[in-house]
Amino acid sequence: MSSSLVAYDDSDPEAETEKTEVPSTSSRQTSFPSSSLNPVQYFAPGSLRTKSTYEMQPTENTDNFGISIVCEDLSEHYAPNNNTDLTSPYCRRAYSSHTALSMPYKNYEQTSSSSRNSGNGTSQKRMHKDSPTTIKGIRPYIPKRLRQENSSTGGKKECEQGESSNCHVKLDVSGKQTMRKISEIIKPYLGSKYKVTEIPKSLVFHMFKHSSPVNEIQWCPVREQSHMLLSASMDKTIKVWDAVDTGCCLKTFSCHSCAVRAAQWSSCGQKILSGGFDSMLHLTDVETGKQIFSSKNEFRISALKFHPADSNIFVCGGFSPEVKAWDIRTCKVTRVYKAAIQQTLDILFLTEGKEFLTSTDAVSRDSADRTIIAWDFQSAAKISNQIFHERYTCPSLALHPRESVFVAQTNGNYMALFSSQRPYRINKKKRYEGHKVEGFAVCCEFSPDGTLLVTGSSDGKVFFYNYHSARIIRTLSAHKEACVNAKFHPVLPSLLATCDWTGEIKIWQ
């Protein structure tokens with residue numbers, strides 16, 4: 001008696017589709033001839049909205065045919081603009097060997113490699129982990145501890161990159177020799193103390209290689225190398241000049257992509273710290289041009305100063321309510337000083353560096369609140385913000401070399417004198433007025449012996465004030481445009497450097 005077998009089609013169609021699997025990579029490679037092109041579609045495990053298309057293309061190698069893999073995202077496939085560049089987030093490469101595959105999904109690489117390595121026709125179970133798919137417009141949550149670790153490692157990598165990268169340096173013919181030499185004019189003054197400052201009368205050098213306004217000039221603080229003058233300009237460059245013997249430009253550093261607002265010599269005279277409107281901080285070696293320290297800041301920089309007691313620490317401020325203290329050795333921010341302001345105009349360290357002052361742009365209708373702020377350097381605490389009570393901002397501050405006072409340049413066309421000890425009271429009996437500021441960042445400075453006070457003016461003149469009597473001793477018609485800075489030489493008693501808004505630098509004696 002023969003029994004009939006009846007097959008009932010009660011199988012689940014979804015189960016049938018799950019059983020049907022795409023052939024392995026090795027089988028695909030043998031099934032396609034080298035002259036045919038057949039697209040194969042495959043949905044990577046763990047990603048529901050991602051499509052991968054593999055195109056088999058021949059290469060120039062006659063022995064082995066190549067495989068070109070094009071990985072497309074589904075969102076970009078249905079985008080209205082089909083000219084989307086697929087090479088930036090994904091891959092489009094051709095290889096001469098059929099064993100090498102380029103995949104954007106690391107989990108699928110493990111899966112395909114396991115299927116390739118399967119021998120004797122035995123199928124292996126695919127092991128994969130779901131990879132998180134990135135959706136445009138949605139940022140994944142990152143824990144705070146992980147964010148701090150990433151920021152610290154990123155700062156270290158950026159600092160290491162800054163150490164290895166070099167700044168573009170334009171060297172003069174005799175630049176190396178003139179930077180290391182000791183000027184014959186300075187030698188007689190090195191063994192003696194600084195004499196009484198004399199007011200310069202005649203022009204010695206006229207230097208005009210800057211194509212934009214000069215924001216900062218500073219003599220080298222090392223007495224033996226004080227023939228060098230540093231200048232920072234709005235033309236994105238920093239220049240080092242021989243301003244005593246020849247008046248020539250020794251080196252030009254092009255480290256910034258925007259205007260250089262502030263620059264300072266290090267205490268050893270071998271490094272230059274600079275900051276600009278590109279929000280970058282650079283510490284450059286003067287001899288080699290190598291960037292010892294380089295970091296991206298969160299705001300445009302308008303003022304920076306080295307700590308007087310520790311040359312590895314500096315403070316910078318700019319278009320932000322924060323002032324930051326950096327450590328060059330660790331490439332990290334050590335302290336943050338916060339105030340309800342919009343911009344820091346200048347920074348001044350007081351004696352021994354335990355306290356420092358910042359001048360800001362914060363003014364009110366009847367009295368200036370937070371125009372000058374005193375900070376405790378160690379604790380980052382605000383000591384006082386009620387120092388200057390008039391309705392003028394102070395673009396620059398200067399400390400007296402011998403007495404416990406400092407002076408503040410104001411936009412009211414006068415300089416005010418303050419005590420550098422708490423509570424930083426203003427001296428109402430002395431006011432240095434006669435020059436014009438008119439919105440320019442005009443700097444002022446005391447002479448090395450403390451007897452004179454020099455300042456530029458918006459009309460191009462240089463004013464010399466007697467410190468004790470606050471009277472104008474002499475006026476020097478130095479420039480045609482606004483004179484924004486004037487610096488006395490630290491060794492030579494009658495040498496003065498000035499700069500203006502057109503990019504000119506002049507040396508007077």
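## Basis of the description

The model is predicted: local features need pLDDT of at least 70, side-chain atom pairs count only at pLDDT 80 or more, and totals for chains, interfaces and linings use all residues. Residues are numbered from 1 along each chain as its sequence is written, and side-chain values use heavy atoms, with hydrogens and water left out.

Strands are DSSP runs of E with at least two residues, numbered from the N terminus. Two strands pair if DSSP finds at least two bridges between them.

Strand S33 covers residues 505-508. Ile505 and Ile507 lie on one side of S33, Lys506 and Trp508 on the other, and all four residues are buried. Buried means under 20% relative accessible area, with exposed over 50% and partly exposed in between (1.4 Å probe, protein chains only). In a regular strand, side chains alternate between the two faces of the sheet.

S33 pairs with strand S6 (residues 203-207) in the antiparallel sense over 4 bridges, and Phe205 has Ile507 as its bridge partner in S33. Strand S32 (residues 496-500) is also antiparallel to S33, joined to it by 4 bridges; here Cys499 stands opposite Ile505. S32 and S33 form a hairpin with 4 residues between them, and Gly503 in the turn has a positive phi of about 100°.

## A sheet of four strands

An open sheet is formed by 4 strands in the order S11-S12-S13-S14, with antiparallel pairing. Strands S11 (260-265) and S14 (291-296) stand at the edges, each with a single partner strand, so one side of each has no neighbour in the sheet. The twist averages 15° from one strand to the next; axes are lines fitted to C-alpha atoms, for helices over the stretch in contact, and angles run from 0 to 180 degrees between N-to-C directions.

S11 and strand S12 (residues 271-276) are joined by 5 bridges. Within this pair, Gln264 stands opposite Leu273 in S12.

## The largest pocket

On a 1 Å grid over the protein atoms alone, a pocket is an open set of points where a 1.4 Å probe fits, with protein on both sides within 12 Å along at least five of seven lines; lining residues have an atom within 4 Å of a point. The largest pocket has a volume of about 1400 Å³, the volume being the space filled by probe spheres set on the points, which are joined across faces, edges and corners.

The lining consists of 46 residues, and Gln218, Gln264, Lys305, Glu445 and Lys487 lie nearest the centre. Elements that give two or more residues to this lining include strand S7 (214-219), S11 and strand S31 (483-488). The lining divides into 26 nonpolar, 13 polar and 7 charged residues. Ala, Val, Leu, Ile, Met, Phe, Trp, Tyr, Cys and Pro count as nonpolar, Asp, Glu, Lys and Arg as charged, and the others, Gly among them, as polar.

## Strand S21

In strand S21 (residues 372-376), 4 of the 5 residues are buried, so S21 is largely enclosed by the rest of the structure. Strand S20 (residues 355-360) runs antiparallel to S21 with 5 bridges, and Leu357 has Ala374 as its bridge partner.

S21 is also joined to strand S22 (residues 382-384), by 2 antiparallel bridges, with Trp375 partnered by Lys382. The hairpin of S21 and S22 has 5 residues between the strands, and Ala380 takes a positive phi near 60° there.

## Ser226

Ser226 lies in the loop between S7 and strand S8 (228-233). This residue is buried, with a relative accessible area of 0%. The Ser226 side chain reaches the backbone oxygen of Arg223 at 2.9 Å.

Key:
Polar contact = N/O pair within 3.5 Å; in protein donor to acceptor, adjacent residues only side chain to side chain.
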